[in-house]
Amino acid sequence: MERTPQQVDFIDKLLDPTSGHLCLRARAGTGKTTTILEAVDDYAARHPSHELLICCFGKGIQREIEAKLAKRGHSDWRKIQASTSHSMGWGLVRFAFKLSKEQINKNKVRDIIKVQNDEIYHMFGSQIEDLVYYAKMEGFGFFGDVQIGDKHAWYKMADHYNINAFEETDSMDAVVEAAQRIYRMSLDKVDEVDFNDMVLWPLIKNIRVRFTKDVIFLDEAQDTSRARRALIKKFLKPRGRLMVVGDDRQAIMGFAGASANALEELIEELNCTVMPLTVTWRCPKKVVELAQHYVPDIEAADDAPEGEVHYLDVLPEEFNPTDAILCRNTAPLITTAYMLIKKKVACKVEGRDIGEGLIKIVERWKIKTITRFLDKLEDYRARECQKAVAKGKEGKVDEINDRCDTLVVICQTVQEQGGKSIEDVKRFIGELFSDDVKEQGMLTLATYHRSKGREWERVMLIEPWRCPSKWAKKDWELRQEDNLNYVAITRAQKTLMFVG
């Protein structure tokens with residue numbers, strides 16, 4: 001391939017040993033993976049004895065990059081390898097504690113909670129589990145400002161991630177104490193490991209990294225948690241260099257534990273030289289024009305097609321497996337999916353873990369009928385929205401309403417089909433939500449959040465007026481909403497449609 005001037009500048013800077021840490025700020029669809037691979041080729045040729053690692057965001061991307069590295073002749077994994085942060089941590093943990101894959105238990109924390117006798121664990125097991133999950137993501141017990149015994153740090157985290165849903169807010173004291181206890185028990189239980197332990201244990205238990213790297217490429221850096229970044233730094237040689245790769249305007253994963261300003265924090269911590277990658281090879285010119293309202297420096301390739309942008313009242317009649325229907329919120333996707341299923345259009349909603357989260361709420365009150373559940377749900381909605389407004393967290397209201405609206409639509413759909421029980425609702429959710437829908441040859445429905453990292457020939461944005469959320473008022477909240485619009489728009493390879 002012929003390299004662009006920006007790619008040449010980045011690779012030249014990488015090959016200069018005096019240039020230190022770098023940040024490749026790569027806009028949507030600009031070929032960052034290709035740029036990383038080209039950089040690896042040149043660096044390996046210049047420094048054949050050096051060891052390089054590409055840290056990928058997920059297992060699927062890791063496998064894809066491994067195949068591309070092999071095609072390029074990089075077959076010695078000890079010199080050049082692709083990995084995820086969890087795989088890196090697992091390698092250390094497995095060796096240090098002599099564990100096997102059979103001892104990986106994704107429900108480790110839940111299992112510990114279930115065997116506790118105190119009533120607090122039965123009443124608030126879900127909240128305790130969430131608190132421990134995010135505390136591991138935040139590196140509690142490793143960083144000085146988030147120590148395990150610091151109640152203030154736990155309250156701050158609970159507020160940030162909206163972990164509440166308590167009948168009485170003064171239950172929070174007991175819940176935090178219970179979460180601290182479960183957190184310590186989880187750290188002490190070294191015969192089992194969950195996925196967050198893979199990142200946390202090498203830090204908090206100070207496990208030595210035996211095979212450090214000369215250069216690490218950290219892909220999707222804007223979506224990293226504080227603990228993940230610390231783990232990756234452990235793998236650098238004393239004079240090793242970190243290549244931070246990401247797009248600050250695609251930072252939308254804060255709700256899942258990523259730091260809101262991860263890219264900026266890394267740039268500041270490491271004093272990175274920032275290199276731009278702004279020419280998108282994915283999007284046609286008309287789509288790029290829209291994206292420039294949010295990110296002015298993104299550019300269309302000179303030979304990019306014009307593409308199409310349409311504004312429609314209703315969805316088209318025909319769909320292809322290469323299409324996607326996206327929305328800011330989940331509830332409209334459920335309504336649309338049911339309408340399409342009745343028309344015999346094969347489709348699913350992207351995100352199996354979204355479904356799992358909804359099932360947690362469904363199971364919360366230990367009731368059996370849909371009618372009773374809907375009564376409980378409306379009471380829950382009212383209480384949680386009022387509490388969010390009283391605490392000055394109006395932005396949380398949109399999340400609460402979307403979650404409740406989604407469950408209402410699902411329950412009504414199940415009732416239309418003749419279902420009456422909570423088990424019917426759980427079964428419907430399990431069948432509707434999936435991962436990697438496009439690869440299954442089906443029409444994909446996804447939230448803007450879930451569309452990130454993916455692309456489709458034709459993208460339909462339904463109810464686009466939902467973004468920005470009416471509850472987003474602070475500067476950082478409005479920026480997050482702009483980021484979501486930018487992500488959604490730049491998923492389109494040929495045609496973009498705004499519907500309704």
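# Close-up views of charged residues and backbone geometry

**View 1. Lys151 is partly exposed, with a relative accessibility of 29%.** Relative accessible area is classed as buried under 20%, exposed over 50% and partly exposed in between, with a 1.4 Å probe and protein chains only. The model is predicted: local features need pLDDT of at least 70 and side-chain atom pairs count only at pLDDT 80 or more, whereas totals for chains, interfaces and linings use all residues. Residues are numbered from 1 along each chain as its sequence is written, and side-chain values use heavy atoms, with hydrogens and water left out. The side chain of Lys151 forms a salt bridge with that of Glu177, at 2.9 Å from N to O. This pair links distant parts of the chain, since Lys151 belongs to helix H8 (residues 151-160) and Glu177 to helix H9 (residues 172-188), 26 residues apart. A salt bridge is a side-chain nitrogen of Lys or Arg within 4 Å of a carboxyl oxygen of Asp or Glu. Helices (H or I, at least four residues) and strands (E, at least two) are DSSP runs, numbered from the N terminus. Glu177 is also partly exposed, at a relative accessible area of 45%.

**View 2. Arg25 and Asp248 meet in a salt bridge, with their closest N and O atoms 3.0 Å apart.** Arg25 lies in strand E1 (residues 22-26) and Asp248 in the loop between strand E5 (236-246) and helix H12 (262-270), so the pair ties together parts that are 223 residues apart in sequence. Arg25 is partly exposed at 21% relative accessibility, whereas Asp248 is buried with a relative accessible area of 9%. Both residues belong to a network of salt bridges that also links Arg27, Asp247, Asp297 and Arg479. The structure as a whole holds 44 salt bridges. Side chains of opposite charge can pair when their charged atoms come close.

**View 3. Glu363 pairs with Lys426 in a salt bridge, the closest N and O atoms being 2.9 Å apart.** Distant parts of the chain are linked here: Glu363 is in the loop between H15 and helix H16 (370-390), and Lys426 is in helix H18 (residues 422-432), 63 residues apart. Glu363 is partly exposed, its relative accessible area being 36%. In the loop between H15 and H16 there is also Lys366, a residue other than glycine with a positive phi, near 55°. Lys366 counts as exposed, with 71% relative accessibility.

**View 4. Arg352 touches Phe433, Ser434 and Asp435, residues up to four places away in sequence not being counted.** Contact means heavy atoms within 4.5 Å. Arg352 is placed in helix H15 (residues 352-362) and is partly exposed, at a relative accessible area of 40%. Asp436 is in the loop between strand E12 (433-434) and strand E13 (443-447). Asp436 has a positive phi of about 55° although it is not a glycine, and it counts as partly exposed at 41% relative accessibility.

**View 5. Glu463 occupies the loop between strand E14 (456-462) and helix H20 (475-489).** Neighbours within four places in sequence aside, Glu463 is in contact with Pro332, Val499 and Gly500. The C-alpha atoms of Glu463 and Leu333 are 9.9 Å apart, while the two residues are 130 residues apart along the chain. Glu463 is partly exposed, at 24% relative accessibility. Pro468 is likewise placed in the loop between E14 and H20, and a cis peptide bond with omega of about 10° joins Cys467 to Pro468. Most residues other than glycine have a negative phi, and most peptide bonds are trans.

**View 6. Glu129, in helix H7 (residues 125-138), is buried at 13% relative accessibility.** Apart from neighbours within four places in sequence, Glu129 is in contact with Val109, Arg110, Ile113 and Lys360.
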